[in-house]
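Subject: Structure for your review

Hello,

I am passing on the structure below, followed by notes on what was found in it. Please read the notes with the model open.

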Amino acid sequence: MARKRDNGPGGLLVVDKPAGFTSHDVVAKLRGMARTRRVGHAGTLDPMATGVLVLGTERATRLLGHLALTEKEYVATVRLGQETVTEDAEGEITGAKGAKGLERERVDAAVAALTGRIEQVPSAVSAVKVDGKRAYARVREGEEVELAARPVTVSSFLVHDVREEAAEDGTPVTDLLVSVVCSSGTYVRALARDLGAALGTGGHLTALRRTRVGPYGLDGAHTLAQLQERVDAEEPLPLLPLGQAAAAAFSRWDVDEEQARRIGNGVQLRMPAAQFGPGPVAVFAPGEQFVALVEQRDGRARSLAVFV
């Protein structure tokens with residue numbers, strides 16, 4: 001039996017997810033490498049997608065739900081001229097109107113209309129729950145699923161290249177290389193769907209790569225092969241310690257030892273209101289000790305997670 005690795009308080013690890021893996025597959029891989037069951041991820045990536053997947057081990061798993069709510073960045077290829085049941089290349093083609101000779105001005109105008117604060121209907125094959133059951137599970141069982149629109153923010157939606165191609169079935173299509181910066185809960189494949197609908201061509205994603213989750217980008221990501229090499233060489237995994245991870249992702253509040261003790265015991269101290277806006281705040285004691293994540297509510301610090 002393999003000896004359990006001493007993971008201490010754990011930490012965060014940024015993985016460059018390969019295509020064909022589910023987020024759960026990557027979690028399972030890391031559980032084996034770290035020799036612990038306590039592993040989670042901050043925000044699912046579809047099997048087709050690649051790129052940044054933030055994972056946490058041991059106590060760092062308590063940060064993941066808050067990290068999942070941060071801004072995300074993607075590069076993607078949108079294919080205009082075909083629709084699929086999943087709104088990406090993994091699904092069956094349900095419409096093939098074709099797309100050729102599109103004016104760039106029309107494309108840019110349709111993209112601009114999907115930028116900013118918008119109301120977006122999530123993909124029918126998303127993980128959104130309908131009466132307690134995932135939407136994608138209902139679709140797989142043959143149900144027609146209609147989801148309500150919800151507000152999301154698309155901070156940036158840019159078209160970098162336009163290429164006219166022929167799909168495998170001969171349909172003339174137009175592929176757009178795009179980049180997207182958006183809030184948590186935004187579906188990039190829904191942007192592809194809605195862009196195709198606005199242009200009257202239909203549309204879906206043929207490629208998706210996440211380049212950033214909050215402050216964590218591809219420059220700090222490791223492939224599964226690189227991680228396995230470290231494990232095989234009996235080298236430690238490149239975990240980002242809890243305190244560093246929190247300081248990178250959240251606003252910081254430095255307190256004295258007595259304040260740290262009281263916050264650690266659940267006391268809701270007054271926060272400097274002008275210093276912090278909405279969202280989690282990382283509390284640090286002297287000596288760079290990470291104490292807790294808190295949020296300001298009615299001028300006081302309400303604990304989200306305590307780490308001391």
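In strand S18, arginine 302 is the bridge partner of glutamate 295. A second bridge into S18 joins alanine 292 to valine 306. Strands S17 (residues 289–297) and S18 (residues 300–306) pair in the antiparallel sense, with six bridges; two strands pair if DSSP finds at least two bridges between them. Helices (H or I, at least four residues) and strands (E, at least two) are DSSP runs, numbered from the N terminus.

On provenance, this is a predicted model, in which local features need pLDDT of at least 70 and side-chain atom pairs count only at pLDDT 80 or more, while totals for chains, interfaces and linings use all residues. Residues are numbered from 1 along each chain as its sequence is written, and side-chain values use heavy atoms, with hydrogens and water left out.

The hairpin and its sheet

S17 and S18 form a hairpin with two residues between them. In that turn, aspartate 298 has a positive phi of about 55 degrees. Glycine 299 is also in the loop between S17 and S18. Apart from neighbours within four places in sequence, glycine 299 is in contact (heavy atoms within 4.5 Å) with Leu269, Arg270 and Met271.

Axes are lines fitted to C-alpha atoms, for helices over the stretch in contact, and angles run from 0 to 180 degrees between N-to-C directions.

Aspartate 256 caps the N-terminal end of H8 (residues 257–264), with a side-chain oxygen 3.2 Å from the backbone nitrogen of glutamate 258. Just after H8, glycine 266 has a positive phi of about 90 degrees.

Two helix pairs

The axes of H3 (residues 104–113) and H5 (residues 188–199) come within 10 Å and cross at roughly 130 degrees. H3 and H5 are therefore oblique to each other; angles under 35 degrees count as roughly parallel, over 145 as roughly antiparallel, 65 to 115 as roughly perpendicular and the rest as oblique. Arg106, Val107, Ala110 and Val111 of H3 make the contact with Leu195, Ala198 and Leu199 of H5. By class, these residues are six nonpolar, no polar and one charged. Here Ala, Val, Leu, Ile, Met, Phe, Trp, Tyr, Cys and Pro count as nonpolar, Asp, Glu, Lys and Arg as charged, and the others, Gly among them, as polar.

For H1 (residues 23–34) and H6 (residues 224–232), the axes come within 10 Å and cross at roughly 10 degrees. That makes H1 roughly parallel to H6. Val26, Lys29 and Met33 of H1 meet Leu224, Leu227, Gln228 and Val231 of H6 in this contact, which has five nonpolar, one polar and one charged residues.

Regards

Note on methods
A polar contact is a pair of N or O atoms within 3.5 Å; within protein, one must be able to donate a hydrogen and the other to accept it, and residues adjacent in sequence count only if both atoms are side-chain atoms.
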